[in-house]
Amino acid sequence: MANVVVIGAQWGDEGKGKITDLLSRSADVVVRYQGGVNAGHTVVVKDQTFKLHLIPSGILYPDTECVIGSGTVIDPKALIGELDKLVELGISTKNLFISNAAHVTMPYHRLIDQASEERRGNHKIGTTKRGIGPTYADKSERIGIRIIDLMDYARLRKQLEWTIQYKNGILEKLYDLAPLDPAAVIDEYIEYAERLRPHIIDSSLHVYQAIRQRKNVLFEGAQGTLLDLDHGTYPYVTSSNPVAGGACIGTGIGPTVIDRVIGVAKAYTTRVGEGPFPTELTGGMGELLCDRGAEFGTTTGRRRRCGWFDAVIGRYAVRINGLDCLAVTKLDVLDDVDEIEVCVAYELDGERCEELPASAEAFGRCKPIYKTMPGWKQPTDHCRSLSDLPKAALDYLKFLAELMEVPIAIVSLGASRDQTIIVEDPIHGPKRALLYENGESQVA
């Protein structure tokens, strides 16, 4: 039995969907614990591509239970569309369960998100404009609508009649937008409630019982560590807690049941939206990484900003999440690169800086200090074991493990399930893999 958290160790888009899908083979339950439809996971199975936003990646395994926890915010229309698409592709959704305590994204959340982002002008955050931030804001303000409220139509009408009137005042007076029709919104969401009703449960109890039964539970985060509301590069962050600690809060279980935390990081770095990015490449190399890595957002289609691997934010992710091991993705994207730069520290105002500054303004002044590694100049997408890798590629991975001081358990070399090197089983295996011990890198 093992209870494992999978988190993004960068700014999101690290390939968590594929890694979660791989680990779901050993999981009885997969739990999504935060975020909303602003997240996107792409999983490729043979010749079929699945794009998931709210539903956990484990849904592709027919015997795996998938739970959307109370820490998520749910857009019912988007979720139903995702369910319909899976059914259309021949995937059963009978094992999907939704927390009755999760908050609901309403039409006014989307409208306010879009209008607010436009109003920010040069100070925009770079949100997906899906209403996620305003939904979490209402949760904190204690005026949010929860899934359990959708199940009681009299209570829903009472709540929404007041809330929509309140939100209409904001839409009209602050943003000069047309008001919403309360009756139309209520009727629309009652229809959604009926569709989702068979999936609604007390998810905290459900997961607790699975743990008591010694089942394998996999906790799946969305976004990445550097987008965490409390520990990310604020204010250019998301509105929830993608870090490992968020799994307990967003699921309703205690920290003592977590056995292992796995971080997912690309062999380089990407970022979507606004905010500082010390290793960002704006020339030809940035374009090469973007094109070879197909770096376009699953949710928005936005082109991702690309740069070299940043070990400063990597070490920060190890510390904040208590990472036990890493899954390194998209190593094959670097196959044609002559020389690879790795950021080992920053220069900040003339001083060497090895830790992430708390201030976004100071972070924006950081200049990367690079270590140059030779490229391997040959394809790796066919490799299925460490011994198949070119020496320079293996040396690169060893160097990353040394910098991060954490084992590398999985290496991904393409989008398909089989384009993967499993150095160790991150759920059941010992903590070995690519190690950094006593100042020397090695393969155990």
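**Annotated positions, strand pairing and local backbone features**

The UniProt annotation "binding site", taken from an unreviewed entry, covers Asp13 and Gly40. These two positions span 28 residues in sequence, yet no two of their C-alpha atoms are more than 7.9 Å apart, so they gather at one spot. UniProt positions are given in the numbering used here, feature names are shortened, and annotations may be inferred rather than shown by experiment. The model is predicted: local features need pLDDT of at least 70, side-chain atom pairs count only at pLDDT 80 or more, and totals for chains, interfaces and linings use all residues. Residues are numbered from 1 along each chain as its sequence is written, and side-chain values use heavy atoms, with hydrogens and water left out.

Asp13 lies in the loop between strand 1 (3-8) and helix 1 (16-23). Helices (H or I, at least four residues) and strands (E, at least two) are DSSP runs, numbered from the N terminus. Asp13 is partly exposed, with a relative accessible area of 25%. Here buried means under 20% relative accessible area, exposed means over 50%, and partly exposed lies in between (1.4 Å probe, protein chains only). Leaving aside neighbours within four places in sequence, Asp13 is in contact with Lys266, Thr270, Val272 and Arg304. Contact means heavy atoms within 4.5 Å. Gly40 belongs to the loop between strand 2 (29-32) and strand 3 (41-45). Gly40 also counts as partly exposed, at 24% relative accessibility.

Strand 15 (residues 325-329) is mostly covered, with 5 of its 5 residues buried. Both faces are covered. Cys325, Ala327 and Thr329 are buried on one side, and Leu326 and Val328 on the other.

Asp310 stands opposite Cys343 in strand 16. Strand 16 pairs with strand 18 in the antiparallel sense, over 8 bridges. One of the facing pairs sets Ala345 against Ile369 in strand 18. Strand 17 (residues 351-353) is also antiparallel to strand 16, with 3 bridges between them. Leu348 has Glu351 of strand 17 as its bridge partner. Strands 16 and 17 form a hairpin with 2 residues between them. Asp349, in the turn, has a positive phi of about 55 degrees.

Further backbone features fall in loops. Asp176 has a positive phi of about 55 degrees although it is not a glycine. Asp176 is found between helix 6 (153-173) and helix 7 (182-196). Its relative accessible area is 69%, which makes Asp176 exposed. Lys377, also not a glycine, has a positive phi of about 50 degrees. The loop that holds Lys377 runs between strand 18 (367-374) and helix 13 (391-404). Lys377 is partly exposed, at a relative accessible area of 46%. The peptide bond from Tyr234 to Pro235 is cis, with omega near 10 degrees. Pro235 sits in the loop between strand 10 (217-220) and helix 9 (246-251).

Grid points are joined across faces, edges and corners, and a volume is the space filled by probe spheres set on the points. By this rule the count comes to 1 cavity of 30 Å³ or more. The largest cavity has a volume of about 30 Å³. Its lining consists of Ile59, Tyr61, Pro62, Thr64, Ser92, Lys94 and Asn95, where lining residues have an atom within 4 Å of a point. The lining divides into 3 nonpolar, 3 polar and 1 charged residues. Ala, Val, Leu, Ile, Met, Phe, Trp, Tyr, Cys and Pro count as nonpolar, Asp, Glu, Lys and Arg as charged, and the others, Gly among them, as polar.

Methods. 1 Å grid on protein atoms, 1.4 Å probe; cavity = no way out; pocket = protein on both sides within 12 Å on 5 of 7 lines; lining within 4 Å. Pairing = 2+ DSSP bridges.
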